[in-house]
Amino acid sequence: MCLFSEMAQFEEVSQKSKLHPKPEGLTLQYGTAGFRTHAKHLDHIMFRMGLLATLRSKKTKSTIGVMVTASHNPEEDNGVKLIDPMGEMVTAMWEGYATQLANAEQDSLLKELKDIIEKEDIDMSQTASVYVGKDTRPSSASLSQAVLDGVSSLGGKTHDYGLVTTPQLHYMVCCCNTHGCYGSPTVEGYYQKLSQAFLQLTQNASNRTDDQKRLLVDGANGIGALKMREMEPFLRSELQLVLSNDGSSGKLNHMCGADYVKVQQKAPQGMNIAVGERCCSFDGDADRIVYYYTDSKGCFHLLDGDKIATLISTYLKELLTQAGLNLQIAVVQTAYANGSSTRYLEDVMKVAVCCTKTGVKHLHHAAQEYDIGVYFEANGHGTVLFSKAAQKQIQELVKDSDTNDERKRAVKLLESTINLINQTVGDAISDMLVIEAVLAIRGMSVQDWDAIYTDLPNRQLKVTVSDRRVIDTTDAERRAVTPEGLQDAIDSLVKKYKSARSFVRPSGTEDVVRVYAEADTQENADSLAHEVSLAVYRLAGGVGDEPKSFH
Ligand code: NG1
Ligand code: ZN
């Protein structure tokens with residue numbers, strides 16, 4: 001590009017950025033899942049993320065995605081996530097650039113932009129393409145317009161997908177950059193790919209009654225509900241959805257959605273649940289899902305990410321055996337995984353289990369190390385990754401005319417399961433269809449699934465300290481290295497209880513220290529969590545009142 005046109009481009013950025021001014025002094029971090037805060041602070045961030053996505057696109061010579069959403073946060077918040085060429089989350093290096101660009105004061109924006117261009121040696125004459133999507137928040141329309149403005153001010157091309165779920169946008173980006181190999185980059189293409197795979201799988205489940213096909217879905221009053229309505233006709237009544245919290249009256253994520261159900265351990269409001277009925281909840285941008293039901297005694301049963309990982313990995317392992325395929329399967333969890341799930345997977349299922357730091361990008365990376373990597377956070381965000389070699393072996397076996405019927409059936413099921421899974425990122429719609437298909441094929445009720453193992457009672461608490469960075473952890477966040485004495489204190493508290501475990505870590509999304517405890521009874525889990533909270537409060541600079549006991 002000639003110097004003159006490059007200068008003209010920067011002039012355009014400079015002019016346009018004045019329409020999206022940064023409030024002086026405001027600093028934000030690209031956190032665990034992008035920028036996230038009250039929507040009123042985000043206009044400049046969105047414009048600048050449009051700029052950064054354009055640079056990333058020029059650098060990678062691929063289409064990049066920008067999703068405007070704050071997931072499970074309250075409706076007043078918003079946020080933005082960047083999507084890399086294969087549909088995965090943007091790399092750590094570029095997360096750093098995102099923070100750098102977001103926090104540049106108005107008069108140094110161009111300087112920071114040029115700094116990134118220089119460091120990454122970006123050819124500014126390269127074309128750029130950015131896909132943009134948004135959730136249903138009232139603020140999302142103007143914020144996504146700010147992203148589009150950012151891209152066009154640097155001369156990038158945009159495709160505005162409008163209202164889509166986060167995983168749908170990840171899927172589009174992957175489809176585009178793989179030139180259609182992953183599917184066609186349209187919302188309709190997504191529905192077609194997933195529903196076809198789902199219908200193929202459920203053909204293997206005989207005599208399902210309407211009751212078995214019925215599923216109650218809590219859409220968190222968000223984008224997931226809207227997209228399920230669109231997708232429903234593609235499923236040809238093989239799944240009979242009863243949608244509630246569909247956004248027609250209630251507020252996004254308010255007393256509903258996956259995060260509410262997981263943290264409160266109770267059913268969402270706005271849903272009429274009969275005894276034993278199978279229910280699930282999406283979060284606000286439909287990248288997380290949890291299942292649940294209520295028993296005849298009125299007891300609430302949650303089937304979280306750990307139960308989902310167990311169901312799916314058990315099913316896949318069985319198919320691999322039947323297909324006679326020697327592929328290594330592993331489950332990736334975090335320290336928040338219930339101890340019972342880890343024990344069941346390792347001791348009974350003989351599946352390799354690996355533990356990573358909190359945050360899906362860590363799980364995603366770890367899962368890429370195996371032929372088949374099943375990863376889920378306890379909160380219901382997760383998916384399954386199949387290595388290229390594993391997919392090739394499966395596809396070749398499907399075509400092999402020498403295989404017997406049992407092997408053929410198993411390998412065809414594996415092939416359809418791969419097509420049903422959104423491998424780019426955790427996807428509530430895709431995960432839901434996989435779970436429904438597995439339950440149907442294995443003839444299992446939600447109660448049978450729940451009975452695979454019993455969760456250890458657990459409790460999660462938060463402690464406010466003056467600086468949460470004083471806590472440093474190791475061993476996938478399961479042990480605290482600093483402050484001195486904290487880990488010793490936790491160790492001696494844990495010894496007082498049966499089947500107990502506890503750890504603490506600074507949150508990556510809130511200004512708190514999280515405390516997790518599990519033990520043989522709920523009362524013991526609660527006491528242990530409280531005692532560990534007190535240790536954090538005393539040894540890590542607690543502020544405000546001392547943590548209070550539950551009982
Ligand atoms: P932090 O705040 O770092 O614990 C939370 C969740 C993560 C992840 C991120 C991003 C828990 C205990 N933590 O992280 O699993 O989903 O938010 O949304 O659920
Ligand atoms: Zn989400």
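Predicted model: local features only at pLDDT ≥ 70, side-chain atom pairs only at ≥ 80, totals over all residues.
Biologist: Which residues coordinate the zinc ion (ligand 2)?

Modeller: The zinc ion (ligand 2) is held by Ser 71 through OG and by Asp 283, Asp 285 and Asp 287 through OD, at 2.0 to 2.1 Å. Along the chain these donors follow the spacing S-x211-D-x1-D-x1-D. Asp 283 and Asp 285 are both buried.

Biologist: What makes the arrangement around the zinc ion (ligand 2) irregular?

Modeller: The angles subtended by the four donor atoms run from 85 to 169°.

Biologist: Why are helices α15 and α16 called roughly antiparallel?

Modeller: The axes of α15 (residues 405–420) and α16 (residues 428–442) cross at roughly 160° and come within 10 Å. Angles over 145 degrees count as roughly antiparallel, and the pair is therefore described in that way. On the α15 side the contact is made by Arg 409, Leu 413 and Leu 420, and on the α16 side by Ser 430, Leu 433, Val 434, Ala 437 and Ile 441. By class, this contact has six nonpolar, one polar and one charged residues.

Biologist: How do you know whether α7 is roughly parallel or roughly antiparallel to α16?

Modeller: Helix α7 (residues 187–202) packs against α16 at an angle of about 10°, with the axes 9 Å apart. Since angles under 35 degrees count as roughly parallel, α7 is roughly parallel to α16. Among the contributors from α7 are Tyr 190, Leu 194 and Phe 198, while those from α16 include Ile 429, Glu 436 and Ala 440. The contact has nine nonpolar, two polar and one charged residues.

Biologist: Why is Arg 409 called partly exposed?

Modeller: Arg 409, which is found in helix α15, has a relative accessibility of 37%. Buried means under 20% and exposed over 50%; a value of 37% falls in between, so Arg 409 counts as partly exposed. Leaving aside neighbours within four places in sequence, Arg 409 is in contact with Asn 204, Gln 322 and Ile 441.

Biologist: What makes Asn 73 count as buried?

Modeller: The relative accessibility of Asn 73 is 16%. The limit for a buried residue is under 20%, and Asn 73 therefore counts as buried. Asn 73 lies in the loop between β2 (63–68) and β3 (77–83). Apart from neighbours within four places in sequence, Asn 73 is in contact with Arg 36, Arg 137 and Asn 253.

Note on methods: Residues numbered from 1 in each chain as written. Chains lettered and ligands numbered in written order. Heavy atoms only, no water. Donors = N, O, S within 2.8 Å, 3.2 Å for Na, K, Ca; no water. Tetrahedral: all angles 85-135°; square planar, octahedral: opposite > 155°, others 65-115°. Buried < 20%, exposed > 50% of the residue type's maximum accessible area, 1.4 Å probe, protein only. Axes fitted to C-alpha atoms, helices over the stretch in contact; angles between N-to-C directions. Helix = DSSP H or I, 4+ residues; strand = E, 2+ residues; numbered from the N terminus. Parallel < 35°, antiparallel > 145°, perpendicular 65-115°, else oblique. Contact = heavy atoms within 4.5 Å. Nonpolar A, V, L, I, M, F, W, Y, C, P; charged D, E, K, R; others polar.
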